[in-house]
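Open the structure in your viewer and keep the selection tool at hand. We will go stop by stop.

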Amino acid sequence: MTGGPDILASLSSIEKMDPDPYSGNLFTYVYETGDRKLREIQHKALNMFYDRNALDFTTFKSAAFFEKGIVRFAKSITHADESVLGTLTYGGTESILLTVKAARDLFRKKRGKDEVPEIVLPSSGHPSWEKGAEYFDLKLKVIPIDRESKKANLESLKSAINERTALVVASAPNFPYGTVDPVTDMGQITKDRKIPLHVDACVGGFILPYFEKLGEKIPKYDFQEEGVTSLSMDTHKYGYSLKGSSVLLFRNPEMKKYSNYINISWPSYIFVNTSILSSRSVGPMASAWTAINYLGNDGYLSLAKKVLSARNYLFKEMTKLGFRSTAPLESSILSLYNENIDVFGFVYGMQKRSWHLEVQKAIQDLVPYNVHMTLSPIHDKLSRAFIRAARETIASPQDPAFKKLMEGISTGDLTVLMTMVKEGNINAALLVKLLEQIPEESAKEMANEIVNEVFR
Ligand SMILES: Cc1ncc(COP(=O)(O)O)c(C=O)c1O
């Protein structure tokens, strides 16, 4: 391949491999507003600042400027007082990893390095907490959530914590069911014992405050709860910025220090990182700052109104099609089950109609298989089309290709699925069905093999 025009032509055809991220046909991966002007101005900001390196925020002062502005806004919507300090990371997972690292080092300061610190996580918590525990050598203790409320079980929390607990996690909301953990009660339990409590508001941080303004009953989850010691909230989710940014807030400046990395001993310059990555583009920070300044509180409120309207409409209409919610509706997430149909077939049929949905696991005594939807403002405009497609999918006979695939899965024959994954004909939703038939360790190994195959 030589020369510019060829490369551009190639890029145009590579682009067609993906679903259109602006279409509104996706859930979870993109948070689309449908506002073209917002997108354009953010891409401009990204381009203007992409080649600047936040590694040295004393040279590239724009990095510190954007970070401070974004953190200030995040604090203004989380009841944070002056003493709260923040860090801008490249995403929710990075905010979580940094929190785990800070909690571990705080624990070590108090109790030394001989004991293994523990994290207590409700089962609905995001996998990056386990990833953090693995990376930084902490022990993860998973506690159950209540069947009806889909929130952390407080009695289990009380029995799980001990003198080795370095961190307790609550979600606002959790990803699978969209419910907000009982942060007030959890904070009372942890505060008395001087245990840090982190609120993972990666999903909710930039939308729940506006849902509340719109009259939704949202349990208290932020710094107004004294027990909350840190909180993460993703600008690249409901902050509507381009991918690559999240905010991590610490109530105690001392804890923020444990998240910083400073090296003054290597032979070169004084090395300071406030995040896990070192060299990183200022572009995503510029994009996040632009989104916040373009939208402001009024913009976020009006986008939250659209999300709420889409959620309520879709829930009402999906109920008519036999779906039920796995949990009380407390956020912008729907998780819906339908015991009269095969939800895998439903998701497959919807994908054929260009709607990309996820299937979540069935868990005994907790939930049947369910369909997951993270709603974006653009869905308000598209919700009628979605329901038409859903109605059509349910009324249509099962696709023979789907039948063949499911037969392959039930006999453990991976080849059909592998071919489809490789050809890009299927998303990962059906892997749930396949992998659950195999003991967990082997399933993990198999998933790992599939990943290697995909990238071969
Ligand atoms: C509750 C929660 N926390 C953290 C994350 C991780 O965010 P990211 O994908 O930006 O790393 C997610 C992602 O969906 C999430 O739902």
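**Stop 1**

Begin with the open sheet of seven strands, whose order is 1-7-6-5-4-2-3. The pairing in this sheet is mixed. Remember as you look that this is a predicted model.

Which strands sit at the edges? Select strand 1 (85–89) and strand 3 (139–143), the edge strands of the sheet. Each of them pairs on one side only. From one strand to the next, the twist averages 20°.

Next, select residues 118–122 and 165–171. These are strand 2 and strand 4, and they pair in the parallel sense. Three bridges hold the pairing. Pick V120 and look across: V168 of strand 4 stands opposite.

**Stop 2**

Most residues other than glycine have a negative phi, and most peptide bonds are trans.

**Stop 1: around the ligand**

How many residues surround the ligand? There are 14. The closest are G91, G92, T93, F175 and C202. Select those five and zoom in.

Which element gives the largest share of this shell? Helix 4 (residues 92–111) does, with three residues. Colour the shell by class.

**Stop 2: helix 2 meets helix 10**

Select helix 2, residues 36–49, together with helix 10. Their axes come within 7 Å and cross at roughly 145°. The crossing is right-handed.

Show the side chains at this contact:

- From helix 2, pick L38, I41, Q42, A45, L46, M48 and F49.
- From helix 10, pick G283, P284, A286, S287, T290, A291 and Y294.

What classes do these contact residues belong to? Ten are nonpolar and four are polar. None is charged.

**Stop 5**

Now follow helix 10 along its residues 283–320. Helix 10 lies across strand 10 and strand 11. It runs at about 5° to strand 11.

Those strands belong to an open sheet of four, in the order 10-11-13-12. The pairing is antiparallel. Strand 10 (324–325) and strand 12 (358–360) are the edge strands, and each pairs on one side only.

Select residues 333–337 and 370–374 next. These are strand 11 and strand 13, which run antiparallel and are joined by four bridges. Click on L336. Which residue is its bridge partner in strand 13? The partner is V371.

Helix 11 lies across strand 11, strand 12 and strand 13. It runs at about 40° to strand 13.

**Stop 3: the two domains**

Zoom out and colour the chain by domain. The domain assignment gives domain 1 as 43–291 and domain 2 as 305–454. Taken over C-alpha atoms, the centres of the two domains are separated by 29 Å.

Finish at the contact between the domains. Domain 1 gives 16 residues to this contact, and domain 2 gives 16 residues. What is on the side of domain 1 that touches domain 2? Its residues are nine nonpolar, four polar and three charged.

Note on methods:
Residues numbered from 1 in each chain as written. Predicted model: local features only at pLDDT ≥ 70, side-chain atom pairs only at ≥ 80, totals over all residues. Pairing = 2+ DSSP bridges. Helix = DSSP H or I, 4+ residues; strand = E, 2+ residues; numbered from the N terminus. Contact = placed C-beta atoms within 7 Å. Axes fitted to C-alpha atoms, helices over the stretch in contact; angles between N-to-C directions. Near = placed C-beta within 6 Å. Left-handed = near helix turned anticlockwise from the far one by under 90°. Nonpolar A, V, L, I, M, F, W, Y, C, P; charged D, E, K, R; others polar. Domains from an automatic or database assignment.
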